[in-house]
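Here is a set of questions and answers about how some structural terms are applied. Look at the model first, then read on.

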Amino acid sequence: MAMSRRQFIGAASSAFISAGIAARSLSATSVPSVKPARLEPGMTVGLVTPASNAPEDEQLYAAVELVQSLGFEARPARNLFSRTQYLAGTDAQRVSDLNEMFADPEVDAIFCARGGYGSGRLLRDIDYNIIRANPKVLMGYSDITALLNSIQLYTGLITFHGPMAGENFSSYTLDQYLRVLVQPIPETQIGEPPPFENSPGVVERTNRLTRIVRGIAEGRLIGGNLSLLVTLMGTPYEPVFDDAILFLEDVFESPYSVDRMLTHLWLTGKLERLSGVVLGKFTDDDYSGNTFSMEEVLRNRFEPLGLPTLRGLMIGHVEDQTVVPIGVLARLDVDAGTLTLLESAVL
């Protein structure tokens, strides 16, 4: 018998709800933290493109060489060079690559080669059980925010908001990468601005810290790219905000756009449940026309909350970028201008 339009819509809605319930059945809010093995020379690192792809193949070959330069064997994903319009291959190809890399016992860690757009399209088809059974480092940022938070949510695996293999590591980024993933020490500080020596007539202007609300907060780290985080809200993949430290960054977003997204987060009622807030870099924002400044937008949203809030750590689309482990317990000290990991992110 042919299905009526109403029956079809009802069935589709039920299927969507069932998918959400199935995801939640993984007990997202109660999954204990799982730490991957620290990175060591000679390990095999898989390269994936879960979102968009580089426009030219040589950029991907360069990503392979970057992995090798860090002392690893590089394992390109089966579909690393695939392209489908603005995506790095079909959804099925991209999620298959991710699942295969976690399932492959010869792959020790996974680096993303690029962001762009498309990671969110994979969330319902990721095999979270495979990931839970095979914990390993997963690192990327920007659009990869969707993967990092959803995987951490449903498997407990600590994931890493950090540099892509598709771009060179600055000396600052390399140092941050080493202190978080290779040679972790207790109570490691991350994200502090790089050293700058003032001289007569010259002071630091780029990497300054803004203390929006002073105080100290402790909690597990969640967050990443603001645009991507907002797309997770209201879905089964939104992070757990309770007593967490939220970190945010973005690029190519005007102050009004950041205002709109932060207002959306505020309207959900989740911001009040945080322990503290770390605002990274909001780069290449557009100040043309009549506009609030970015500082005014950020102060307007976070000052009334009264939560310890620090702006300016090296998180985001910047050359000197830190590595933020999502799910790790951290302490934010706004007066000191520090974000300290209270536990190692790797074993």
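Q: What makes strand 4 and strand 5 a pair, and in which sense do they pair?
A: Two strands pair if DSSP finds at least two bridges between them. Strand 4 and strand 5 (residues 159-161) have two bridges, in the parallel sense, so by that definition they pair. Methionine 139 stands opposite phenylalanine 160 in strand 5. Strands are DSSP runs (E, at least two residues) and helices are runs of H or I, at least four residues, both numbered from the N terminus.

Q: Where do these values come from?
A: This is a predicted model, in which local features need pLDDT of at least 70 and side-chain atom pairs count only at pLDDT 80 or more, while totals for chains, interfaces and linings use all residues. Residues are numbered from 1 along each chain as its sequence is written, and side-chain values use heavy atoms, with hydrogens and water left out.

Q: Why is helix 5 called largely enclosed?
A: Buried means under 20% relative accessible area, exposed over 50%, and partly exposed in between (1.4 Å probe, protein chains only). Eleven of the eleven residues of helix 5 are buried, so the rest of the structure largely encloses this helix. Among them are Leu147, Ile151 and Tyr154.

Q: What makes a set of residues a nonpolar core?
A: The set must consist of buried Ala, Val, Leu, Ile, Met, Phe, Trp, Tyr and Cys residues, joined through side-chain atoms within 4.5 Å. The largest such core here has 73 residues, and Leu39 and Phe111 are among those with the most contacts inside it. Helix 5 (residues 145-155) gives the most to this core, with six residues.
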